[in-house]
Amino acid sequence: MTTLADAPTASTASTANPRRTNLARTTLADVAAATGDVHAWVAAVAALTVPDAVVWCDGSERDELVAGMVASGTLIPLDPELRPGSYLARSDPADVARVESRTFICSADERDAGPTNNWRAPDAMRTELGAVFAGCMRGRTMYVVPFSMGPVGGPISQLGVQVTDSPYVVVSMGVMTRVSPQVSALVEGGAAFVPAVHSVGAPLVGPGGRRADVPWPCNETKYISHFPESREIWSFGSGYGGNALLGKKCFALRIASVMGRDEGWLAEHMLLVRLTSPQGRRHHVAAAFPSACGKTNLAMLRPTLPGWTVETIGDDIAWLRPGPDGELRAINPEAGFFGVAPGTGQDTNPAAIATLQRDTIFTNVALTDDGDVWWEGLTPQPPAHLTDWTGADWTPEAGTPAAHPNSRFTVAAAQCPTIADGWDDPAGVVVDAIVFGGRRATNVPLVAQAESWEHGVFMGATISSERTAAAEGVVGELRRDPFAMMPFCGYDMADHWSHWLRVGAALDPARRPLVFQVNWFRKDDAGRFLWPGFGENSRVLAWVVDQVDRARGLRTDVGAVTSPVGLLPAPGALDTRGLDVDLDALLAVDPGAWALEADLTQEFFATFGDRVPAPLGARLERLRTALDG
Ligand code: GTP
Ligand code: SPV
Ligand code: MN
């Protein structure tokens with residue numbers, strides 16, 4: 001950690017601050033103009049935000065920042081024997097999830113943001129942001145965090161620099177991304193980087209003088225703004241998750257999706273796993289599910305099928321690029337997991353439980369009386385007494401969850417016992433199958449295979465899912481979430497579909513991944529899940545990769561039968577031995593319900609006007625014909 005010599009000096013009386021004159025003159029345009037040189041850019045951000053000090057980070061600052069946050073009450077140390085090296089943070093109760101209503105794509109042309117993003121004209125947004133960022137770091141330290149998304153220097157990797165006034169964010173970025181002296185040297189040496197400015201929006205010095213800090217500073221007004229053309233990120237007012245850890249959704253999805261569109265690759269909301277069959281054949285699967293719909297679970301799956309192993313490569317984001325031989329290669333650009341705590345237990349995700357034994361930051365979970373953590377689903381029975389996520393006494397009679405439904409853990413991927421050998425290979429892995437899924441109580445079968453790449457893009461484009469607590473909104477409400485990217489695509493969603501068609505066309509047809517759709521969440525009339533899920537999902541993955549082997553001539557038995565919505569497992573091809581499940585109900589395709597679904601898809605497509613690629617319209621017509629037939 002180095003403190004910049006020419007940083008603005010500490011000031012208690014804002015009027016005495018020599019930067020005040022600069023402040024009036026520094027605009028977001030000035031900051032944008034300085035992005036070519038990291039030092040000039042940092043100086044411009046400091047002139048705008050007026051921190052007390054500027055500190056450059058390379059990971060070596062971690063222990064000091066943690067000690068400071070323990071002293072200030074931001075982090076509560078957990079019992080060193082029960083949970084070594086681990087901490088609990090409690091956010092402000094009004095800052096608990098991503099805020100999609102305040103997430104903006106500021107492309108020059110409104111049509112490039114598309115109808116599913118909040119658009120603002122770049123200049124108008126720069127003016128608005130200029131007003132809130134001016135002096136917003138008064139009384140605080142501004143940290144400069146150079147980071148790499150993906151293995152440092154890798155051909156698929158990218159650099160970023162996040163400026164933030166939150167030490168919680170600095171420490172979290174150190175887990176979720178690569179922060180190191182090597183990365184700092186690259187950035188300071190002039191390597192290109194994505195500039196990302198973050199402030200909790202809670203200056204400690206104002207007109208009334210200096211205020212005391214609070215454990216979780218934030219601001220009621222929030223902006224999570226992206227400028228796709230200049231690749232800039234500006235986030236204000238929140239310290240939570242994807243709002244604040246700007247390498248994640250803001251860079252690795254919203255900005256990277258635009259880079260991918262322009263450069264011929266894909267940035268997706270996908271987990272990445274390696275499956276090894278009992279015969280020792282390896283396959284890699286990328287799977288897109290909306291937030292809190294089971295990516296982390298599937299990424300760490302413990303197969304119930306004998307002889308199969310699943311190894312984890314990523315649990316949230318994948319960057320995919322056509323490789324030199326017509327294959328599709330993928331990396332996990334992240335270095336850690338920011339996973340949903342509730343529902344994570346020994347039965348549902350033992351690998352996650354093992355990962356979280358030490359060196360983990362928990363946010364908004366409950367605290368046990370002996371200094372450990374708890375959340376709904378960690379154990380079948382809750383402890384008799386807890387301190388809930390708000391810091392209040394809690395007993396099982398409370399009637400409120402002890403952990404916030406979007407409470408999370410932040411932990412290094414390398415700690416995961418199922419992490420794959422070579423998970424951080426800069427060249428990535430070759431993707432054999434792509435899976436799309438969502439939470440659907442009705443209609444959508446357990447698994448279906450696309451008949452072609454175009455059909456696969458149609459499947460991705462038509463995903464809908466019941467809302468979860470990962471963002472604001474009514475939990476359970478059905479919404480469209482194409483490619484599980486609705487909140488994360490930095491450009492027009494229909495252009496995203498065209499881009500997928502283009503990328504697929506550039507791949508070798510013999511090596512192109514097969515595409516599937518899954519649904520673990522189908523329910524019976526009594527509202528019970530029809531499928532046990534979790535480790536049993538290995539049965540579905542096994543069928544998926546068996547289908548890949550069949551497509552490549554490695555197996556000759558019949559694996560699938562046709563249906564209006566795609567290829568379904570042939571009788572006996574999906575191994576359900578030992579399970580008490582109603583496979584007919586799980587795979588049922590109700591033509592009436594699907595005809596309604598097709599009508600809704602047509603309405604949805606219509607919202608994108610003429611940007612919907614023709615093959616998707618044709619696919620919809622084929623679906624209708626098949627349902628009539
Ligand atoms: P983000 O990190 O928000 O992008 O989400 P994620 O997709 O990684 O979510 P995660 O894996 O943490 O999903 C958590 C929720 O999905 C919990 O409520 C789990 O209990 C539930 N879940 C995961 N897999 C299954 C499954 O196979 N069946 C059922 N019924 N629920 C599941
Ligand atoms: C999601 O909401 O999809 C997440 C959590 O993975 S956050 O990083 O907060 O976006
Ligand atoms: Mn996610």
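These questions and answers cover the surroundings of two ligands in a predicted model.

Student: Which pocket does ligand 2 sit in?
Tutor: Start with the ligand's place in the protein. The shell around ligand 2 includes Arg98, Gly241, Phe338 and Phe488. The pocket that holds ligand 2 is the largest pocket.

Student: Which elements give two or more residues to the shell around ligand 2?
Tutor: Look at the residues around ligand 2: Gly241, Gly242, Lys248 and Lys249 are among them. The elements that give two or more residues are α9 (241-244) and α10 (247-263).

Student: Why does ligand 2 lie between domain 1 and domain 2?
Tutor: Check which domains give residues to its shell. Domain 1 covers 4-56 + 90-266, and domain 2 covers 271-316 + 439-480 + 492-628. Ligand 2 lies between them because residues of its shell come from both domain 1 and domain 2.

Student: How many charged residues does the shell around ligand 2 have?
Tutor: Sort the shell by class. Three residues are nonpolar and four are polar. The charged residues number five.

Student: What distance separates a polar side-chain atom of lysine 249 from an oxygen atom of ligand 2?
Tutor: Polar contacts here are pairs of N or O atoms within 3.5 Å. Glycine 242 uses a backbone N or O atom, 2.8 Å from an oxygen of ligand 2. For lysine 249, the distance is 2.7 Å.

Student: How much of the accessible area of ligand 2 does the protein cover?
Tutor: Begin with the ligand on its own. Ligand 2 then has 280 Å² of accessible area. The protein covers 98%.

Student: Which helix gives the most to the shell around ligand 1?
Tutor: Ligand 1 is surrounded by 20 residues, and the closest include Lys295 and Thr296. The top contributor gives three residues and spans residues 295-299. That helix is α11.

Student: What distance separates an oxygen atom of ligand 1 from a polar backbone atom of alanine 292?
Tutor: Asparagine 297 places a side-chain N or O atom 3.1 Å from an oxygen of ligand 1. For aspartate 316, also through its side chain, the distance is 2.9 Å. The backbone atom of alanine 292 lies at 2.6 Å.

Student: How much of the area that ligand 1 exposes alone does the protein bury?
Tutor: Taken alone, ligand 1 exposes 670 Å². The space it takes is the largest pocket. The protein buries 90% of that exposed area.

Note on methods
Residues are numbered from 1 along each chain as its sequence is written. Chains are lettered from A and ligands numbered from 1 in the order in which they are written. This is a predicted model: local features need pLDDT of at least 70, side-chain atom pairs count only at pLDDT 80 or more; totals for chains, interfaces and linings use all residues. Side-chain values use heavy atoms; hydrogens and water are left out. A residue is near a molecule or strand if one of its heavy atoms lies within 4 Å of it. A polar contact is a pair of N or O atoms within 3.5 Å; within protein, one must be able to donate a hydrogen and the other to accept it, and residues adjacent in sequence count only if both atoms are side-chain atoms. Accessible areas come from the Shrake-Rupley method with a 1.4 Å probe; for residues, only the protein chains shown count as cover. On a 1 Å grid over the protein atoms alone, a cavity is a set of points where a 1.4 Å probe fits but cannot get out, and a pocket is an open set with protein on both sides within 12 Å along at least five of seven lines; lining residues have an atom within 4 Å of a point. A molecule sits in a cavity or pocket if more than half of its atoms lie within 2 Å of its grid points. Helices (H or I, at least four residues) and strands (E, at least two) are DSSP runs, numbered from the N terminus. Ala, Val, Leu, Ile, Met, Phe, Trp, Tyr, Cys and Pro count as nonpolar, Asp, Glu, Lys and Arg as charged, and the others, Gly among them, as polar. Domain bounds come from an automatic or database domain assignment.
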